[in-house]
Amino acid sequence: MHGVLAGFAEDVFESLTRSGWRDRAVSYLQGLMIDGHRKSIQPMASRLPDVHDQALNHFVTNSPWDVVPVRRRLAQRMDAAIAPAAWALDDTGWLKCGAASPGVARQYTGTAGKVTNCQIGVSVNLVTDAASCPANWRLFLPVSWDPDLAGDTADARHRRAKAAIPDDARHREKWRLGLDMIDEMIEWGLRPPLILADAGYGDTALFRHGLTERGLSYLVQVPTYIRAHPHDTTRVTGDYDGVGRRPTPRYRAPAVTIKDLVLAAGRASATTIAWRHGSRLRAGLPAPMRSRFVFLRVRPAGRVLLSIYRGRDLPETWLIAEWPTGQTEPTKYWLSNLPANTPKRTLVRWAKLRWRIEHDYRELKTGL
């Protein structure tokens, strides 16, 4: 295995030019890959021949090598190997006991399903039905770690200095970190076929608009309270009474929630879609995964989008709602700017593709 890792490290860590750095990179990767319950520096070093824990610890924590060229090369290799159908954006938490780890705070994490003491990492993963891999990461810094926003500025500065956080690392919303990573990966020469994200990102109109501005296709989960107009809603110009400024075209009827739009379409409008074969067997063969879905064309609304598209029609998108048999109402909703002629099975298959990111997080936390 050492020979394989050495060849891998020779390529991925080509930017590490100082003597001994590549050898330590190989040792660190080997320590992650071999069996062993604890994957911190000292236990890993004890399992590796001729590796000193102080040298390995210095390489990981203090050596001034630039992570960006390494991530760039790794992402390029994974893109070529996986040929991703989409890039999936999400975040995960690492539970912590103390208050000194960079970015640690009491915050919500799906890892625990509640607000707890943890760090949050945001990632962009390359995904297909059969393979996936994280390709970029950002550590989320809560408001309490930003001296310009924190209530206790002195405490924030002290903790930042102790954790060696650079001055230019400040609080940014997770969806902004996602756009930052997408921009960075495009600069690396990669191009996303499609952006997937859960409702934590999809509910932000500025995030969806940011993807549209970049010319990127997206299919993101959204909460039920997102408002929209039916696709055939048009702006209307009111009558001019001869006084003041002439009226301009605008949407006269208020937008309604996407849940109300789907309920108005009714359960009878749902179509049964099978999107892939699952792990359960039926008659000795993998059973298809299927559910019922409602497909509508809508114009997402809200103050942010109305301000952005002032004087213009709101753009059309797909609204997809999963309405399983036996349920009184839909259980999940997605918006997508994919073309109107996109096959419905394709929309569902890509909407469901985001599950791969949970697989990646589980593998990273249990295997590595």
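Biologist: How many cavities of 30 Å³ or more does the count come to?
Modeller: One cavity of 30 Å³ or more. A cavity is a set of 1 Å grid points over the protein atoms where a 1.4 Å probe fits but cannot get out, and lining residues have an atom within 4 Å of a point. The points are joined across faces, edges and corners, and the volume is the space filled by probe spheres set on them.

Biologist: What kind of model is this?
Modeller: This is a predicted model, where local features need pLDDT of at least 70, side-chain atom pairs count only at pLDDT 80 or more, and totals for chains, interfaces and linings use all residues. Residues are numbered from 1 along each chain as its sequence is written, and side-chain values use heavy atoms, with hydrogens and water left out.

Biologist: Back to the largest cavity. What is its volume, and which residues line it?
Modeller: The volume is about 40 Å³. The lining is made of L196, A197, L219, Q221, W334, A351 and R354.

Biologist: Which strands supply at least two residues each of that lining?
Modeller: β5 (195-197) and β6 (218-221) each do. Strands (E, at least two residues) and helices (H or I, at least four) are DSSP runs, numbered from the N terminus.

Biologist: How many helices and strands does the chain have?
Modeller: The chain has 13 helices and twelve strands. Its C-alpha atoms fill a box of roughly 85 × 65 × 40 Å along the principal axes.

Biologist: And what share of the chain is buried?
Modeller: Buried residues are 43% of the 368 in the chain. Buried means under 20% relative accessible area, exposed over 50%, and partly exposed in between (1.4 Å probe, protein chains only).

Biologist: Which residues have the most contacts inside the largest nonpolar core?
Modeller: W87, L89, M185, I195, F207, L211 and L319, in a core of 43 residues. Helix α7 (residues 174-187) gives the most to this core, with six residues. A second, separate core has 21 residues, including F295, I320, L353 and Y361. Such a core is a set of buried Ala, Val, Leu, Ile, Met, Phe, Trp, Tyr and Cys residues joined through side-chain atoms within 4.5 Å.

Biologist: What is W87 in contact with?
Modeller: Setting aside neighbours within four places in sequence, the partners of W87 include V124, I182, M185, P192 and I195. Contact means heavy atoms within 4.5 Å.

Biologist: New topic: where is K96, and why does it count as partly exposed?
Modeller: K96 is in the loop between β1 (86-95) and β2 (105-109). K96 counts as partly exposed because its relative accessible area is 31%. From K96 to T116 it is 8.6 Å, C-alpha to C-alpha, and they are 20 residues apart in sequence.

Biologist: And G98?
Modeller: G98 lies in the loop between β1 and β2. G98 is partly exposed, at 43% relative accessibility. G98 touches V104 and N117, again leaving out residues up to four places away.

Biologist: Last one: which residues of helix α10 are buried?
Modeller: In α10 (residues 258-265) they are I258, L261 and V262. They cover an arc of only 95° around the axis, so they sit on the same side of α10. The arc is that of the directions from the helix axis to the C-beta atoms.

Biologist: What covers the buried residues of α10?
Modeller: The cover includes β7 (227-230), β8 (256-257), β10 (285-300), β11 (317-322) and β12 (332-336). Just after α10, G266 takes a positive phi of about 90°.

Conventions: On a 1 Å grid over the protein atoms alone, a cavity is a set of points where a 1.4 Å probe fits but cannot get out, and a pocket is an open set with protein on both sides within 12 Å along at least five of seven lines; lining residues have an atom within 4 Å of a point.
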